[in-house]
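Colleague: Hi! I'm new to this one, could you walk me through it?
Modeller: Happy to, let me bring it up.

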Amino acid sequence: MLIHEIDVTFEGGHGGAGKVSFFHNQKGPDGGDGGKGADLSIQTTSDLTALNQFSHKKYIKAQDGQAGQSNKKSGPKGADTTLLLPIGSELTDKETGETIALNQVNETILLCKGGLGGRGNAALRSSSNTTPMYAQKGLRGKLRQFHINLRFWADIGFIGLPNVGKSSLLNALTNAKAKVANYPFTTLEANLGVMEGKIIADIPGLIEGAASGKGLGVKFLKHVEKVTLLVHCVSLESESLA
């Protein structure tokens with residue numbers, strides 16, 4: 001099943017806490033700083049099924065930084081996370097309303113910065129406080145909630161009434177294995193195939209009044225928004241080929 005609309009929460013990694021520690025000879029603090037939390041970024045891909053990764057996991061968090069250590073050693077930073085999202089996706093920040101459109105393959109966008117690590121007591125030492133008994137906590141990573149909408153992206157889209165042979169034509173031209181049957185609305189999700197490097201989309205059948213909710217309704221109309229070429233398929237059994 002092709003997921004084309006979903007809500008997902010992303011969060012950058014939290015910064016590690018600073019360390020409270022002292023040299024064994026009691027000559028001063030040696031607590032190191034916490035590591036920075038990992039950043040979370042997205043990268044576009046031509047794989048239009050990439051949203052399926054969120055079907056059972058709608059909260060993604062980058063790795064936290066680790067706590068500081070003795071001997072002024074800083075904690076390791078978190079490993080940055082990059083997620084693949086399909087080209088044609090539109091991300092809307094549910095809090096701010098900001099919209100991010102993904103229109104180029106291999107485009108990388110930073111979504112959530114990781115939090116800074118806290119300073120250890122060695123870094124907090126000053127002339128007025130030579131033996132600080134405290135350290136800073138790490139900062140939290142950025143948290144953002146997005147509504148992701150895949151506005152279908154394909155080179156060629158087959159459109160037409162139900163049961164005119166769109167899925168059969170897709171199967172004949174590509175290695176797709178779209179379901180074919182002799183009843184209306186056999187295709188309930190858009191099917192994809194590739195022919196000579198061109199992405200072909202079999203758009204579910206629409207009938208007059210779809211914009212008002214008839215047939216499969218309005219949710220499938222958006223699949224044709226970013227298709228470069230639309231091929232209108234008409235059955236040879238149709239009474240009118242006009």
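Colleague: Of the contacts between residues at least 6 apart in sequence, what share joins residues at least 24 apart?
Modeller: That share is 71% in this chain. Keep in mind that this is a predicted model.

Colleague: Okay. How many helices and strands does the chain have?
Modeller: There is one helix, and there are twelve strands. Going along the sequence, the order reads β-β-β-β-β-β-β-β-β-α-β-β-β.

Colleague: Let's look at the helix, then. Which residues of H1 are buried?
Modeller: H1 covers residues 166–173, and its buried residues are Lys166, Ser167 and Leu170. Looking down the axis of H1, these buried residues lie within an arc of 95°, so they line one face of the helix.

Colleague: Nice. And what percentage of the chain's residues count as buried?
Modeller: The chain has 242 residues, and 41% of them count as buried. As for the surface, the chain exposes about 13300 Å², with 51% of that supplied by carbon and sulfur atoms.

Colleague: Switching to loops: where is Asn71 found?
Modeller: Asn71 sits in the loop between strand S3 (59–61) and strand S4 (81–86). Its phi is positive, about 60°, although Asn71 is not a glycine.

Colleague: And is Asn71 buried or exposed?
Modeller: Asn71 is exposed, with a relative accessible area of 52%.

Colleague: What about Lys72, what is its phi near?
Modeller: Lys72 has a phi near 60°, again a positive value in a residue other than glycine. Lys72 is placed in the loop between S3 and S4, and at 53% relative accessibility it counts as exposed.

Note on methods: Residues are numbered from 1 along each chain as its sequence is written. This is a predicted model: local features need pLDDT of at least 70, side-chain atom pairs count only at pLDDT 80 or more; totals for chains, interfaces and linings use all residues. Side-chain values use heavy atoms; hydrogens and water are left out. Helices (H or I, at least four residues) and strands (E, at least two) are DSSP runs, numbered from the N terminus. Buried means under 20% relative accessible area, exposed over 50%, partly exposed in between (1.4 Å probe, protein chains only). The arc is that of the directions from the helix axis to the C-beta atoms. Contact means heavy atoms within 4.5 Å. Accessible areas come from the Shrake-Rupley method with a 1.4 Å probe; for residues, only the protein chains shown count as cover.
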